[in-house]
Amino acid sequence: MRSISRWRHHFGFNRLDKPFLKEGLPNLSSEEKKQIKKAWPGLDISELDYIWPRIFKEKVGFSPYFLGDLWVEDIEHIVNPQNQLVSLENKALCDVYFPELNFPEPYVRCLNGICYDRDMNHISVEEATNLLCEKGQYIIKPSVGTMQGKGVRKVSANKGIDIKTIFRVGGGNFIAQEVLKQLPLIEQLNPTSLNCFRITSIYINGRFDYTTILKVGKKGAERDNWNSSILMGIDKNGCANKVGYDYQLNQFDRTDSGFVLSDIVVPEFDKLTVFVEKYHKKYFPNCGIIGWDITIDEKGAIRVIETNLTAPGLQAEQLCSGDFLKPFCKDINEIILNKL
(Lines give C-alpha, C1' and ligand atoms only; values in the text may rest on other atoms or scores of the structure.)
Protein backbone atom coordinates (compact mmCIF):
# COMPACT_ATOMS: atom_id res chain seq x y z
CA MET A 1 0.00 0.00 0.00
CA ARG A 2 2.84 2.38 0.83
CA SER A 3 4.44 1.93 -2.60
CA ILE A 4 1.09 2.62 -4.32
CA SER A 5 0.76 5.81 -2.30
CA ARG A 6 4.29 6.83 -3.26
CA TRP A 7 3.66 6.35 -6.99
CA ARG A 8 0.33 8.15 -6.81
CA HIS A 9 1.89 11.17 -5.16
CA HIS A 10 4.81 11.14 -7.57
CA PHE A 11 2.64 11.15 -10.68
CA GLY A 12 0.37 13.80 -9.18
CA PHE A 13 3.41 15.99 -8.71
CA ASN A 14 4.36 15.59 -12.40
CA ARG A 15 1.93 18.40 -13.18
CA LEU A 16 4.36 20.65 -11.38
CA ASP A 17 7.73 19.15 -12.18
CA LYS A 18 7.54 18.62 -15.96
CA PRO A 19 8.09 22.28 -16.92
CA PHE A 20 11.20 22.40 -14.76
CA LEU A 21 12.59 19.13 -16.06
CA LYS A 22 12.34 20.60 -19.55
CA GLU A 23 14.26 23.66 -18.37
CA GLY A 24 16.93 21.39 -16.91
CA LEU A 25 17.12 21.16 -13.15
CA PRO A 26 20.58 20.53 -11.72
CA ASN A 27 21.21 16.90 -10.81
CA LEU A 28 22.36 15.88 -7.36
CA SER A 29 25.87 14.56 -7.13
CA SER A 30 26.58 11.18 -5.56
CA GLU A 31 28.08 12.99 -2.58
CA GLU A 32 24.95 15.13 -2.13
CA LYS A 33 22.74 12.03 -2.17
CA LYS A 34 24.99 10.43 0.44
CA GLN A 35 24.63 13.53 2.61
CA ILE A 36 20.82 13.33 2.42
CA LYS A 37 20.81 9.66 3.39
CA LYS A 38 23.24 10.33 6.23
CA ALA A 39 21.11 13.23 7.52
CA TRP A 40 17.89 11.16 7.44
CA PRO A 41 18.72 7.52 8.28
CA GLY A 42 15.15 6.90 9.37
CA LEU A 43 13.68 7.64 5.93
CA ASP A 44 13.30 5.39 2.92
CA ILE A 45 15.39 7.53 0.57
CA SER A 46 15.13 6.46 -3.07
CA GLU A 47 15.60 7.98 -6.51
CA LEU A 48 11.85 8.50 -6.71
CA ASP A 49 11.71 11.76 -4.82
CA TYR A 50 14.89 13.68 -5.59
CA ILE A 51 12.90 16.19 -7.66
CA TRP A 52 12.37 18.57 -4.74
CA PRO A 53 15.99 18.55 -3.53
CA ARG A 54 16.92 19.38 -7.14
CA ILE A 55 14.45 22.28 -7.15
CA PHE A 56 15.82 23.54 -3.84
CA LYS A 57 19.37 23.23 -5.19
CA GLU A 58 18.49 25.41 -8.18
CA LYS A 59 16.43 28.01 -6.32
CA VAL A 60 18.15 28.41 -2.94
CA GLY A 61 21.16 26.09 -2.88
CA PHE A 62 21.73 22.51 -1.73
CA SER A 63 21.20 21.36 1.83
CA PRO A 64 20.79 17.72 2.93
CA TYR A 65 18.09 18.89 5.33
CA PHE A 66 15.66 19.86 2.57
CA LEU A 67 13.08 17.11 2.19
CA GLY A 68 11.17 15.85 -0.84
CA ASP A 69 7.38 15.56 -0.61
CA LEU A 70 7.25 11.80 -0.10
CA TRP A 71 9.82 11.93 2.69
CA VAL A 72 7.78 14.74 4.28
CA GLU A 73 4.73 12.47 4.10
CA ASP A 74 6.63 9.75 5.96
CA ILE A 75 7.66 12.21 8.68
CA GLU A 76 4.17 13.64 9.07
CA HIS A 77 2.65 10.21 9.59
CA ILE A 78 5.11 9.54 12.41
CA VAL A 79 5.25 12.84 14.31
CA ASN A 80 1.56 13.64 13.68
CA PRO A 81 -0.42 10.53 14.73
CA GLN A 82 -3.16 10.39 12.11
CA ASN A 83 -5.61 8.31 14.17
CA GLN A 84 -5.54 10.95 16.93
CA LEU A 85 -5.81 14.03 14.74
CA VAL A 86 -8.04 13.45 11.72
CA SER A 87 -11.34 14.22 13.47
CA LEU A 88 -9.89 17.48 14.86
CA GLU A 89 -9.52 18.83 11.32
CA ASN A 90 -13.24 18.89 10.55
CA LYS A 91 -13.67 22.53 9.55
CA ALA A 92 -17.34 22.49 10.51
CA LEU A 93 -16.46 21.72 14.13
CA CYS A 94 -13.09 23.39 14.79
CA ASP A 95 -14.62 26.41 16.52
CA VAL A 96 -16.58 24.04 18.77
CA TYR A 97 -13.50 22.03 19.71
CA PHE A 98 -11.19 25.03 20.11
CA PRO A 99 -13.19 28.16 21.00
CA GLU A 100 -10.10 30.17 21.97
CA LEU A 101 -8.66 30.01 18.45
CA ASN A 102 -11.07 32.66 17.13
CA PHE A 103 -12.16 31.00 13.89
CA PRO A 104 -14.46 32.88 11.46
CA GLU A 105 -18.04 33.06 12.72
CA PRO A 106 -19.99 30.02 11.50
CA TYR A 107 -23.41 30.62 9.91
CA VAL A 108 -24.43 27.11 8.86
CA ARG A 109 -22.74 23.75 9.34
CA CYS A 110 -23.61 20.64 7.39
CA LEU A 111 -22.47 17.25 8.72
CA ASN A 112 -23.32 14.22 6.60
CA GLY A 113 -26.21 16.15 5.06
CA ILE A 114 -27.64 17.32 8.41
CA CYS A 115 -27.69 21.07 9.07
CA TYR A 116 -26.81 22.89 12.28
CA ASP A 117 -26.58 26.52 13.30
CA ARG A 118 -23.60 28.19 14.95
CA ASP A 119 -24.63 26.84 18.39
CA MET A 120 -24.98 23.26 17.10
CA ASN A 121 -28.78 23.31 17.15
CA HIS A 122 -30.26 21.04 14.50
CA ILE A 123 -32.04 23.07 11.79
CA SER A 124 -33.92 22.18 8.64
CA VAL A 125 -32.58 22.80 5.15
CA GLU A 126 -35.19 25.57 4.80
CA GLU A 127 -33.98 27.23 8.00
CA ALA A 128 -30.36 26.90 6.86
CA THR A 129 -31.28 28.43 3.51
CA ASN A 130 -32.97 31.37 5.19
CA LEU A 131 -29.94 31.93 7.43
CA LEU A 132 -27.63 32.08 4.43
CA CYS A 133 -29.96 34.32 2.45
CA GLU A 134 -29.91 36.82 5.34
CA LYS A 135 -26.15 37.17 4.94
CA GLY A 136 -24.83 39.48 2.28
CA GLN A 137 -21.75 37.34 1.71
CA TYR A 138 -20.24 34.20 3.12
CA ILE A 139 -17.45 31.74 2.52
CA ILE A 140 -18.47 28.16 1.92
CA LYS A 141 -16.02 25.29 1.95
CA PRO A 142 -15.95 21.52 2.29
CA SER A 143 -15.28 20.56 5.88
CA VAL A 144 -13.32 17.34 5.33
CA GLY A 145 -10.79 15.92 2.88
CA THR A 146 -9.72 19.09 1.06
CA MET A 147 -6.37 20.43 -0.10
CA GLN A 148 -5.19 23.52 -1.99
CA GLY A 149 -8.49 25.31 -1.32
CA LYS A 150 -10.50 22.92 -3.49
CA GLY A 151 -14.20 23.75 -3.29
CA VAL A 152 -13.77 27.03 -1.39
CA ARG A 153 -16.06 29.78 -2.70
CA LYS A 154 -17.08 33.29 -1.75
CA VAL A 155 -20.83 33.53 -2.20
CA SER A 156 -22.91 36.69 -2.59
CA ALA A 157 -26.47 36.00 -1.46
CA ASN A 158 -27.91 38.47 -4.00
CA LYS A 159 -26.48 36.72 -7.06
CA GLY A 160 -29.08 34.01 -7.31
CA ILE A 161 -26.85 31.14 -6.18
CA ASP A 162 -28.55 27.77 -6.53
CA ILE A 163 -28.98 26.70 -2.92
CA LYS A 164 -29.20 23.04 -3.95
CA THR A 165 -25.71 23.35 -5.38
CA ILE A 166 -24.51 24.83 -2.07
CA PHE A 167 -25.83 21.86 -0.13
CA ARG A 168 -23.98 19.42 -2.37
CA VAL A 169 -20.61 20.92 -1.42
CA GLY A 170 -18.31 18.34 0.11
CA GLY A 171 -20.91 15.61 -0.29
CA GLY A 172 -23.06 17.29 2.34
CA ASN A 173 -20.13 18.18 4.61
CA PHE A 174 -19.41 21.89 4.59
CA ILE A 175 -19.35 25.06 6.62
CA ALA A 176 -20.64 28.50 5.62
CA GLN A 177 -18.93 31.26 7.58
CA GLU A 178 -18.22 34.97 7.69
CA VAL A 179 -16.02 36.75 5.18
CA LEU A 180 -13.14 38.15 7.18
CA LYS A 181 -11.92 41.69 6.71
CA GLN A 182 -8.16 42.04 7.06
CA LEU A 183 -5.86 44.60 8.52
CA PRO A 184 -5.69 47.30 5.79
CA LEU A 185 -1.93 46.92 5.32
CA ILE A 186 -2.39 43.22 4.55
CA GLU A 187 -5.56 43.65 2.49
CA GLN A 188 -3.99 46.12 0.08
CA LEU A 189 -1.41 43.54 -1.00
CA ASN A 190 -4.31 41.99 -2.93
CA PRO A 191 -7.80 43.31 -2.08
CA THR A 192 -9.75 40.41 -3.65
CA SER A 193 -8.29 37.60 -1.52
CA LEU A 194 -7.65 36.80 2.10
CA ASN A 195 -3.87 37.14 2.30
CA CYS A 196 -3.10 34.92 5.22
CA PHE A 197 0.01 33.60 6.89
CA ARG A 198 1.05 29.97 6.93
CA ILE A 199 2.91 29.59 10.20
CA THR A 200 4.45 26.14 10.47
CA SER A 201 5.01 25.39 14.13
CA ILE A 202 7.21 22.52 15.32
CA TYR A 203 6.92 21.09 18.82
CA ILE A 204 8.99 17.96 19.33
CA ASN A 205 10.51 16.61 22.54
CA GLY A 206 9.59 19.79 24.41
CA ARG A 207 11.32 22.14 21.94
CA PHE A 208 9.35 24.70 19.94
CA ASP A 209 10.15 26.67 16.79
CA TYR A 210 8.28 28.05 13.79
CA THR A 211 8.66 29.38 10.28
CA THR A 212 6.34 31.72 8.37
CA ILE A 213 5.26 32.43 4.83
CA LEU A 214 2.76 35.03 3.63
CA LYS A 215 0.35 34.00 0.87
CA VAL A 216 -0.71 36.93 -1.32
CA GLY A 217 -3.33 36.25 -3.97
CA LYS A 218 -2.59 37.21 -7.56
CA LYS A 219 -4.62 39.98 -9.15
CA GLY A 220 -8.33 39.13 -9.08
CA ALA A 221 -7.85 35.90 -7.12
CA GLU A 222 -10.35 35.19 -4.35
CA ARG A 223 -8.19 32.52 -2.69
CA ASP A 224 -4.69 32.66 -1.30
CA ASN A 225 -3.77 29.03 -1.95
CA TRP A 226 -0.45 28.39 -3.63
CA ASN A 227 -1.99 27.71 -7.04
CA SER A 228 -3.39 31.26 -7.15
CA SER A 229 -0.85 33.18 -5.06
CA ILE A 230 2.66 34.42 -4.59
CA LEU A 231 4.29 32.94 -1.50
CA MET A 232 7.06 34.75 0.34
CA GLY A 233 9.08 33.90 3.42
CA ILE A 234 8.73 36.11 6.50
CA ASP A 235 11.68 36.29 8.87
CA LYS A 236 11.37 36.40 12.65
CA ASN A 237 11.33 40.19 12.64
CA GLY A 238 8.22 40.15 10.43
CA CYS A 239 10.09 41.26 7.28
CA ALA A 240 9.40 39.63 3.92
CA ASN A 241 12.13 38.02 1.83
CA LYS A 242 13.21 39.69 -1.40
CA VAL A 243 11.90 36.84 -3.57
CA GLY A 244 8.58 34.95 -3.64
CA TYR A 245 7.28 32.02 -5.70
CA ASP A 246 4.08 31.01 -7.44
CA TYR A 247 2.86 27.45 -8.01
CA GLN A 248 4.99 27.08 -11.15
CA LEU A 249 8.00 28.26 -9.13
CA ASN A 250 8.34 31.49 -11.06
CA GLN A 251 10.16 34.07 -8.96
CA PHE A 252 8.72 37.47 -8.05
CA ASP A 253 10.16 40.51 -6.30
CA ARG A 254 6.79 42.26 -6.01
CA THR A 255 3.07 41.47 -5.77
CA ASP A 256 0.63 41.88 -8.65
CA SER A 257 -0.48 45.08 -6.93
CA GLY A 258 3.05 46.44 -7.21
CA PHE A 259 4.25 46.11 -3.62
CA VAL A 260 7.96 45.34 -3.45
CA LEU A 261 8.38 42.23 -1.31
CA SER A 262 11.45 43.48 0.52
CA ASP A 263 9.45 46.53 1.68
CA ILE A 264 6.75 44.46 3.37
CA VAL A 265 6.89 44.46 7.18
CA VAL A 266 4.11 42.68 9.09
CA PRO A 267 2.73 44.83 11.92
CA GLU A 268 2.62 43.20 15.37
CA PHE A 269 4.11 40.02 13.96
CA ASP A 270 5.15 38.79 17.40
CA LYS A 271 1.46 38.57 18.38
CA LEU A 272 0.98 35.86 15.77
CA THR A 273 3.93 33.77 16.84
CA VAL A 274 3.18 34.03 20.57
CA PHE A 275 -0.39 32.95 19.81
CA VAL A 276 0.72 29.94 17.75
CA GLU A 277 3.21 28.75 20.37
CA LYS A 278 0.65 29.06 23.17
CA TYR A 279 -2.06 27.08 21.42
CA HIS A 280 0.15 24.48 19.78
CA LYS A 281 1.32 23.50 23.25
CA LYS A 282 -2.14 23.77 24.82
CA TYR A 283 -4.34 22.06 22.25
CA PHE A 284 -2.02 19.89 20.15
CA PRO A 285 0.89 18.66 22.30
CA ASN A 286 0.79 15.29 20.50
CA CYS A 287 1.21 16.93 17.08
CA GLY A 288 4.82 17.54 16.02
CA ILE A 289 4.17 19.85 13.06
CA ILE A 290 1.16 22.12 12.44
CA GLY A 291 0.42 24.33 9.45
CA TRP A 292 -1.57 27.30 10.75
CA ASP A 293 -3.48 29.46 8.27
CA ILE A 294 -3.92 32.64 10.24
CA THR A 295 -4.43 36.35 9.71
CA ILE A 296 -5.02 39.66 11.50
CA ASP A 297 -8.46 41.19 11.02
CA GLU A 298 -9.40 44.85 10.59
CA LYS A 299 -9.65 45.30 14.35
CA GLY A 300 -6.18 43.87 14.95
CA ALA A 301 -7.48 40.54 16.29
CA ILE A 302 -5.82 37.25 15.40
CA ARG A 303 -8.12 34.99 13.38
CA VAL A 304 -7.39 31.35 12.60
CA ILE A 305 -8.65 30.16 9.22
CA GLU A 306 -7.71 26.52 9.80
CA THR A 307 -5.16 24.24 11.41
CA ASN A 308 -3.55 21.64 9.15
CA LEU A 309 -2.68 18.68 11.35
CA THR A 310 -2.53 15.49 9.29
CA ALA A 311 -0.86 17.02 6.22
CA PRO A 312 0.61 20.41 7.15
CA GLY A 313 2.80 20.54 4.02
CA LEU A 314 6.41 21.63 3.99
CA GLN A 315 7.48 22.06 0.37
CA ALA A 316 6.60 25.73 -0.16
CA GLU A 317 7.65 26.42 3.40
CA GLN A 318 11.14 25.01 2.81
CA LEU A 319 11.42 26.87 -0.49
CA CYS A 320 10.54 30.19 1.14
CA SER A 321 12.09 29.73 4.58
CA GLY A 322 15.08 27.43 4.19
CA ASP A 323 16.12 24.22 5.95
CA PHE A 324 14.31 24.97 9.22
CA LEU A 325 13.94 21.24 9.97
CA LYS A 326 17.69 20.95 10.53
CA PRO A 327 17.61 21.61 14.32
CA PHE A 328 14.96 18.87 14.69
CA CYS A 329 16.66 16.33 12.44
CA LYS A 330 18.10 14.19 15.24
CA ASP A 331 14.80 14.15 17.18
CA ILE A 332 12.77 13.25 14.10
CA ASN A 333 15.12 10.43 13.13
CA GLU A 334 14.97 8.98 16.64
CA ILE A 335 11.16 9.03 16.59
CA ILE A 336 11.03 7.35 13.17
CA LEU A 337 13.60 4.69 14.05
CA ASN A 338 11.83 3.92 17.33
CA LYS A 339 8.56 3.42 15.45
CA LEU A 340 10.00 0.92 12.95
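The model is predicted, with local features requiring pLDDT of at least 70, side-chain atom pairs counting only at pLDDT 80 or more, and totals for chains, interfaces and linings using all residues. Residues are numbered from 1 along each chain as its sequence is written, and side-chain values use heavy atoms, with hydrogens and water left out.

## The sheet

Helices (H or I, at least four residues) and strands (E, at least two) are DSSP runs, numbered from the N terminus. Two strands pair if DSSP finds at least two bridges between them. Strands of a sheet pair through backbone hydrogen bonds, either parallel or antiparallel. Here, an open sheet is formed by seven strands in the order β11-β10-β9-β8-β7-β12-β13, with antiparallel pairing. At its edges stand β11 (251-252) and β13 (302-308), each of which pairs on one side only.

| Strand pair | Bridges | Residues facing each other |
|---|---|---|
| β12 and β13 | six bridges | D293 and E306 |
| β8 and β9 | six bridges | L214 and M232 |
| β9 and β10 | three bridges | L231 and Y245 |

Strand β9 is mostly covered, as six of its six residues are buried (buried means under 20% relative accessible area, exposed over 50%, and partly exposed in between, with a 1.4 Å probe and protein chains only). The cover extends to both faces of β9: S229, L231 and G233 are buried on one side, and I230, M232 and I234 on the other. With β10, strand β9 forms a hairpin that has five residues between the two strands; in the turn, G238 has a positive phi of about 85 degrees.

Helix α10 (residues 269-283) packs on the sheet and touches β7, β8, β9, β12 and β13. The direction of α10 makes about 140 degrees with that of β12. For such values, axes are lines fitted to C-alpha atoms, for helices over the stretch in contact, and angles run from 0 to 180 degrees between N-to-C directions.

## Helices α4 and α12

Helix α4 (residues 69-79) packs against helix α12 (residues 329-339) at an angle of about 75 degrees, and their axes are 10 Å apart. The two helices are therefore roughly perpendicular to each other (angles under 35 degrees count as roughly parallel, over 145 as roughly antiparallel, 65 to 115 as roughly perpendicular and the rest as oblique). Contact, meaning heavy atoms within 4.5 Å, is made by I75, I78 and V79 of α4 and by I332, I335, I336 and K339 of α12.

## Two buried loop residues

Residue N80 lies in the loop between α4 and α5 (82-85), whereas P312 lies in the loop between β13 and α11 (315-321). N80 is buried, with a relative accessible area of 0%, and P312 is also buried, with a value of 2%. Although 232 residues separate P312 and N80 in sequence, they are 9.5 Å apart in space, C-alpha to C-alpha.

Which backbone atoms lie by polar atoms of the side chain of N80? The backbone nitrogen of G288 lies 3.0 Å from one such atom, and the backbone oxygen of L309 lies 2.5 Å from a polar atom of that side chain. Leaving aside neighbours within four places in sequence, N80 is in contact with residues including I75, C287 and P312.

Methods: Polar contact = N/O pair within 3.5 Å; in protein donor to acceptor, adjacent residues only side chain to side chain.
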